[in-house]
Amino acid sequence: MGTFRAIVIDKTEGGQQVAVRDFDEADLMDGDVDVRVTHSTVNYKDGLAITGAAPVVRRFPMIPGVDLAGIVERSSRADFKPGDAVVLNGWGVGETHLGAYAQKARLKGDWLIPLPKGITPSQAMAIGTAGYTAMLALIALERHGLTPDRGPAIVTGAAGGVGSVSVALLAGAGWHVIASTGRPGEAGYLKDLGAAEVVARAELSGTPRPLGKERWAAGIDSVGSTTLANLLSMTRAGGAIAACGLAGGMDLPTSVAPFILRGVALLGIDSVMAAKARRIEAWGRLARDLDLAKLAAMTTTIPLDGVLAAAPEIVAGRVRGRIVVDVAGEGS
Ligand code: NDP
C-alpha cells in the first residue's frame with residue numbers, strides 16, 4: 001500500500017480546510033473496483049463542497065469531486081476488468097464517499113459505466129455531470145412529447161456548464177434556442193454553440209406574474225427561484241420546463257396557474273441517483289449527438305491543484321462552459 005496525491009477537505013474548529021496532499025491508500029473506503037483517475041471536472045456542486053458554501057460534504061476527511069473518468073486497476077467483479085475505461089457521475093461520491101480529485105478511487109462497480117465508444121476520458125469529463133444532466137433534461141422533454149416544431153426552447157444559466165451543453169444539444173436536435181445569461185459578453189459564445197437568440201438574465205428574474213405571454217414550448221433551467229417561476233408563467237400551453245438547478249436560489253415563488261390553465265409541466269431532473277440504465281442511455285446519446293467541436297469550444301483544462309482556484313469562481317457564476325481537470329497530467 002502506498003500514497004497518492006489528492007485534494008482533501010478536513011474539518012477544523014474554524015470550519016473546513018482544503019489542501020492538495022498525499023493520501024494513504026489504506027484510508028480508502030470500501031469498494032469492489034479500484035480506478036486510476038485520469039480526468040475529472042469542476043461542477044457547481046464541487047465548488048460548493050470546496051468553498052463550504054453549502055453542506056455538500058457529509059464525511060471528513062473527504063476527497064471532493066463528483067465526476068471521474070479513468071482506468072480500472074483492480075476489480076473483484078465480472079463486469080469490469082483491469083484496463084477498462086470507465087466513467088462515474090454522482091452516487092454521493094465526493095459527498096459521502098471519497099471522491100474524484102485524487103489519483104486513485106475505490107468505488108462500487110454498480111456506480112460505474114463503461115466509457116462510451118467514440119469519446120475520450122477527457123471529453124467524458126468535459127461533458128461531466130453538467131452535460132449528462134443536460135441530456136437527462138432533453139430526454140425528459142422528449143418523453144413529454146415535445147418536438148422542435150412546438151416552439152422555441154429556453155435555457156437559463158446558459159453560459160454555465162449545464163446551460164452550455166443544453167444549448168448545444170437542443171440546437172443540434174433542431175430547436176430554436178433562446179439562451180438566457182447574466183453575461184452579455186458571452187452572446188457570441190452562445191450563438192456559436194447554436195443559440196438563435198440571447199436574452200438578459202434580468203428579463204426573467206423579476207417578480208413573476210401568474211401567467212405571462214407564451215414565449216416557449218420547452219426549457220432547461222439551472223437557476224430556480226423567480227427565474228423558474230417566470231419560465232413557467234411564459235411557457236406555451238402543453239409545454240414543459242425541466243428543472244435541474246438552483247444557482248439563483250432554492251425557492252420557487254410560482255402559482256398553480258401555468259399548471260391548471262395551460263397544462264404546463266414541471267419535470268424534475270436528478271442526475272445523482274439516476275438508475276444505471278438511464279445513465280447508459282444518456283451517455284450513449286451524448287456520444288452520438290453532442291457536437292465534439294462545440295464541446296471543445298466550451299472547455300478549458302486545468303491541473304489537479306487548479307481546482308482550488310476554480311471552486312470559488314464557479315460558485316460566483318464566473319466560469320464559462322466546462323472545466324476538465326487533468327488529474328494524471330496526461331493532457332487532454
Ligand atoms: P455553473 O456555475 O457552470 O452554471 C450556473 C450558471 O447559472 C452560471 O454560469 C450563470 O449563468 C447562472 N447563474 C449563476 N448565479 C446566478 C444567479 N444568482 N442568478 C441567476 N443565474 C445565475 O453550474 P453548473 O452548470 O455545474 O450547475 C448549474 C446548476 O445545476 C447548479 O445549481 C447545480 O447544482 C445544478 N445541477 C443539478 C444537477 C441535478 O442532478 N439536478 C446536476 C448538475 C448540476 P449565466 O452567467 O449565463 O447567467
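Visitor: How many salt bridges does a search of the whole structure find?
Guide: The search finds 20 salt bridges. Keep in mind that this is a predicted model.

Visitor: Which residue does Asp 10 meet in a salt bridge?
Guide: Asp 10 pairs with Arg 21 through their side chains, at 3.2 Å from N to O. The two sit in distant parts of the chain, eleven residues apart: Asp 10 belongs to strand β1 (residues 3-12) and Arg 21 to strand β2 (residues 15-24).

Visitor: How accessible are those two, Asp 10 and Arg 21?
Guide: Asp 10 has a relative accessible area of 25%, so it is partly exposed. Arg 21 has 31% and is partly exposed.

Visitor: What does Lys 81 form a salt bridge with?
Guide: With Asp 84; the closest N and O atoms are 3.1 Å apart.

Visitor: And is Lys 81 buried or exposed? What about Asp 84, buried or exposed?
Guide: Lys 81 is exposed, at 53% relative accessible area. Asp 84 is buried, at 19%, because buried means under 20%.

Visitor: Which residue forms a salt bridge with Arg 318?
Guide: Glu 313 does, and the closest N and O atoms are 3.1 Å apart. Arg 318 counts as exposed at 53% relative accessibility, while Glu 313 counts as partly exposed at 29%.

Visitor: Changing topic to the ligand. Which residues come nearest?
Guide: Val 162, Thr 181, Arg 183, Cys 244 and Ser 271, out of 24 residues around the ligand.

Visitor: What classes of residue are in that shell?
Guide: Ten are nonpolar, eleven are polar and three are charged.

Visitor: Which helices each supply at least two residues of the shell?
Guide: Helices α2 (121-143) and α3 (161-172) do.

Visitor: What lies 3.0 Å from an oxygen atom of the ligand?
Guide: An N or O atom in the side chain of Arg 201. Backbone atoms also come up: a polar backbone atom of Ala 158 is 3.4 Å from a ligand oxygen, and a backbone N or O atom of Ala 247 is 3.3 Å from one.

Visitor: How much of the ligand does the protein bury?
Guide: The protein buries 87% of the 910 Å² that the ligand exposes when taken alone.

Visitor: Why does Ile 260 count as exposed?
Guide: Because its relative accessibility is 63%, and exposed means over 50%.

Visitor: And Asn 89, buried or exposed?
Guide: Asn 89 is buried, with a relative accessible area of 2%. It lies in strand β5 (residues 85-89).

Visitor: Which side chain does Asn 89 join in a polar contact?
Guide: The side chain of Asp 67, with a contact of 2.8 Å.

Visitor: Where is His 97?
Guide: His 97 is in the loop between β5 and β6 (104-107). At 6% relative accessibility, His 97 counts as buried. Its side chain reaches the backbone oxygen of Arg 106 at 2.7 Å.

Visitor: Where is Asp 291 found?
Guide: In the loop between α7 (276-289) and α8 (292-297). Asp 291 is partly exposed, with a relative accessible area of 37%.

Visitor: Which backbone nitrogen does the side chain of Asp 291 reach?
Guide: That of Ala 293, at 2.9 Å.

Visitor: One last residue. Where is Leu 211 found?
Guide: Leu 211 is in the loop between β10 (197-200) and β11 (216-221). It counts as partly exposed at 28% relative accessibility. The C-alpha atoms of Leu 211 and Ser 166 are separated by 25 Å, and the two residues are 45 apart along the chain.

Notes
Residues are numbered from 1 along each chain as its sequence is written. This is a predicted model: local features need pLDDT of at least 70, side-chain atom pairs count only at pLDDT 80 or more; totals for chains, interfaces and linings use all residues. Side-chain values use heavy atoms; hydrogens and water are left out. Buried means under 20% relative accessible area, exposed over 50%, partly exposed in between (1.4 Å probe, protein chains only). A residue is near a molecule or strand if one of its heavy atoms lies within 4 Å of it. A polar contact is a pair of N or O atoms within 3.5 Å; within protein, one must be able to donate a hydrogen and the other to accept it, and residues adjacent in sequence count only if both atoms are side-chain atoms. Accessible areas come from the Shrake-Rupley method with a 1.4 Å probe; for residues, only the protein chains shown count as cover. Helices (H or I, at least four residues) and strands (E, at least two) are DSSP runs, numbered from the N terminus. Ala, Val, Leu, Ile, Met, Phe, Trp, Tyr, Cys and Pro count as nonpolar, Asp, Glu, Lys and Arg as charged, and the others, Gly among them, as polar. A salt bridge is a side-chain nitrogen of Lys or Arg within 4 Å of a carboxyl oxygen of Asp or Glu.
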